[in-house]
Amino acid sequence: MFAKRLLQKALRQLNPQQGHEKLAEMDLQIAVHYGIPYTASDLRYDPIQRLLAIGTLDGRIKIIGGDNIEGLLISPKKVRFKHMEFLHNKGYLVAISNDNEVQVWNLEFRQLFYSLHWEVNITAFAVVQGTCLMYLGDENGLFSVLKFDIDDGKLQRMPYQIPINALTEAAGISSFDPQSIVGILPQPYTSGTRVLIAYEKGLLVLWDISQNQAVAVRGYGALHLKGEDSTNFQNSEENKVLESASENEEEENAIGSLCWASSTGTIVAVGYVNGDIVLWNMSSKPPSLKGKQVDTSPNIIKLELASGNCRLPVIVLHWSAVTKADNEKGGHLFIYGGDDKGSEEVLTVVSLEYSGMDTVRCVSRSNLNLNGSFADMILIPEVGSPEKNNTAALFVLTNPGQLNVYDGHLFSMQKFEGNTDALAEKFPDAVPTIDPRMTVTKLCSLAVERDSSKGLLKKTYARKAVTPTLSWGTKWPLTGGVPSEMSLSEDYGIERLYIAGYQDGSVRIWDATFPVLAPMFLLEGKVPGIEIDSINASVSSLAFCSMTMTLAVGNECGLVRIYKLHEKTGDSSFHFVGESKEEVQIMRHGKGFHFTAAFLVSNSHVQSLQYTNSGEKLAVGFENGQVAMLDMNKLLVMFYVSNTIAGASGKKSSHNLSDKNTDPNEPSKSNNCGEGTMQGIEEHHKSDVTHSSDLLSDPLLLICCENVLRIYSLKSLLQGNGKNIRKVKLAKRCCWSTLFKKIDEITCGLLLVYDTGAIEIRSLPDLEVIAEQSLMSLLRWSFKTNMDKTMSSTDNGQIALVNISLFRTLCFVNGSELAIISLLACENDFRIPDSLPCLHDKVLAAAAEAAINASINQKKKQDTASGILGGIMKGFKGSRTENSIAENILGNSSAEQLEEILSKVPFLEPSTTSSGDPEVDELSIDDIEIDDVEPSQPTYTPSEPNKKNKIGRMLFNFDSVMTGLVVTKFLGLAWAQSFVLDAQDQRSTRLVLS
């Protein structure tokens, strides 16, 4: 009764509302996130910034770079992302949700920058790389264009749109009923001006945006034309087949996936829902002078992975080219689907070799076994080799959240065989949670006043730049992101540690000062010359004292290991204390944490460890209810105690609300937690308590059970009185609790976590609810059994927890995540913007942009020079190849020109094609006029006095206006190529060679 009256008096003196207002400032934020979400479903990659994006089914996007840099973007809605693409090197990611919301994410600021709701269902999406232009296809067959204006920060709808009826009319085929666009592929080396549009029922159209016309049309009906050459898409027989296909046949032959099967974009691989795979020749073959086809190679090659009538739909296709002597000779086609239904789930790799469509042959077939159900895959290109399509790595994503990696060197060969299971590598975890399996964690802050300890810790740990490699020596491809300037400073001190114990008995320690965890130490627990039973048992409890820089590790077999930090290499003694024997041995140690002692006084599971008296004593709580007190100076066992507090049931944790260090020799100290299993022992000294408890001469003991909270007078407990002075029943099951304080060192609160994922902040010592929020809704996790084992916190409101989900097949496959949560709005170092790593490297972006522009300018110069000289030679022959057309598009098209085309409504202006103008279609010898005119500035050398200079005037046709000046040498003469636009005829340009 006296203690209760004293408590009430203290509460009246405090004015609790002042402290309550401070505690109510709860604002949960995810400060650190590691691991792949278990709902991961899509993979995308930025080849310039070297970042991997992982979309999920619950509206999250995981970004992974290098040097342990990871980030998590969370959409306002818990909706799946069905399309996702980087704006390469721009610092933005575009994602389309299942409810057709187009979202633009800013990677530098990690925030949703802009969103736009689309009225109809978006069924296809592609980005014109190098630009901020996007192509969209919808369920009605409408092809649309979006542009993201970086300066304005908004998405703009471009006027350019192509309905399916307008496209079929322009292509010269009969009109189709509205059907979804299921795929959009910009053709390589065309700067987005040519795009392959795939419709649901099998129609393929290679569309030229600059000309508003179809370059090539293919359809599934062409497969029924046995021996028929369907090269000309306007072939009447092919049109009849396309038109007469039955409705059931169209549904059966619907397109499921597609990809380019050549780096030049002349062959496309299409997978169908009936299990067929077809290679289509998309080359547009111009007629010769006599009107005959130049190339008679077949347009179609059909691949079948199985011969059964009931096969799986082909839903994923990817192509990896094999380049020899700068020439593409074939490659590997990655296929998911196409096998007989009921067969083992695999990713099939078919190796193809060809020099043309008429020479395609299958070299080999391999199956990559999957650990779980297939989700997605992506090919990661080598740095600096986009034109060769060389593959650095293959990432395969399976459920739930498992990512395997294959070295790209395997796919640089035309044929690879052998045990494909041995080729798979697990995606490296910044913080391992499954291999090995994490069992317990601790997030601890180093004492502010212990600068010497921080300095000692920093001296024994030197960061090493380690460049990981894959099994065949390929460098790890994910290197994106920029560490914060604060973390790179030589003056920063280590302020936080994240410690994790594992099932194999090992312990890992990370520097958690900044929101990027840096690995520091790996402790394996081996002692040379001494065999200790159960040394490798699963770690069950951790405790760390920053004042003495000692770490205690308890395991499931009752063993307690003690590690101490050493600054220098030297000799020290190792102590083993057992129930019946003690042993001391001199050992050599290096810098870092050294194994100094081991205690085995019980065979029961170590449930809790807690340092007291500034690290001089260590309290050990066992699963059977016993408690041992260890002397850390003398390395001996002081005493055992038994479980004596009655009246409570279930798991418990105790917190000492003490204003002074109590005598550890008193056996009934806060180590007594009543009946049941002891969950945790935490002692908080004067800096950890509320103002009200400072007024108390009698320290308080708080015990948290699954369904009730109790506060005891510690003095009364020592006198044998077990009656509580405050009791609160909980409506939900509590699974974890901790005390925390604000930076003012005065305001203290109790944090409770329930098995529903909800969290509460309660005031002390009156235990009133101040704030509550759902932790699981923030993280979008489902609460797992024993998740409380991997939860830990610092004193000022930082919570670390791990979500480990298991999926059982023949072996364990896992998805796992680690998150550190910032609890209060203004009390957390993790919220300092300068401490966050940046997900967009501006320096790299500027350098890459300059290099790309220089390469384009050089390419334009080379193309212009070779085009003039090569045009003369080809003009005499009277023909042009498709490669020269593609090069002309690449050399003369730019993002500005493409944007100008897309800013106009198609089909309103007459076509600028010159195919109907015979005067400029072909170059004839009669078009060349030669005059003997002396050059104004002779450039030949004195050694060539007899060579004559000529002036040639030729009329050329250009698809777009070109101006410029290029100087090159040919046969010892200087050629000044000046392009002058004839204002009277925009289709023609007069070229003067001088």
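Let's start with a side-chain pair: Asp 58 makes a polar contact with Arg 60, side chain to side chain, at 3.1 Å. A polar contact here is a pair of N or O atoms within 3.5 Å; within protein, one must be able to donate a hydrogen and the other to accept it, and residues adjacent in sequence count only if both atoms are side-chain atoms.

Bear in mind that this is a predicted model: local features need pLDDT of at least 70, side-chain atom pairs count only at pLDDT 80 or more, and totals for chains, interfaces and linings use all residues. Numbering runs from 1 along each chain as its sequence is written, and side-chain values use heavy atoms, with hydrogens and water left out.

Back to Asp 58. Its place is in the loop between strand S3 (51–56) and strand S4 (60–64); helices (H or I, at least four residues) and strands (E, at least two) are DSSP runs, numbered from the N terminus. Asp 58 is buried, with a relative accessible area of 5%. Buried means under 20% relative accessible area, exposed over 50%, and partly exposed in between (1.4 Å probe, protein chains only). Leaving aside neighbours within four places in sequence, Asp 58 is in contact (heavy atoms within 4.5 Å) with Thr 39, Lys 77, Lys 78, Val 79 and Arg 780.

Now for the nonpolar cores, meaning sets of buried Ala, Val, Leu, Ile, Met, Phe, Trp, Tyr and Cys residues joined through side-chain atoms within 4.5 Å.

| Core | Residues | Among them |
|---|---|---|
| Largest core | 34 residues | Leu 457, Leu 497, Leu 551, Phe 593 |
| Another core | 32 residues | Tyr 34, Leu 73, Ala 800, Val 802 |

Beyond its neighbours within four places in sequence, Leu 497 touches residues including Leu 443, Leu 457, Trp 510 and Met 520.

There's also an open sheet of 4 strands, in the order S30-S31-S32-S33 with antiparallel pairing. Strands count as paired if DSSP finds at least two bridges between them. Strand S30 (438–445) and strand S33 (518–523) are the edges, each pairing on one side only. S32 (residues 507–511) is joined to S33 by 5 bridges, and Val 507 stands opposite Leu 523 in S33.

Finally, helix H3 (residues 164–171) has Ile 164, Ala 166, Leu 167, Thr 168 and Ala 171 as its buried residues. These pack against strand S15 (194–199), strand S16 (204–208) and strand S17 (213–218). Gly 172 follows H3, with a positive phi near 80°.
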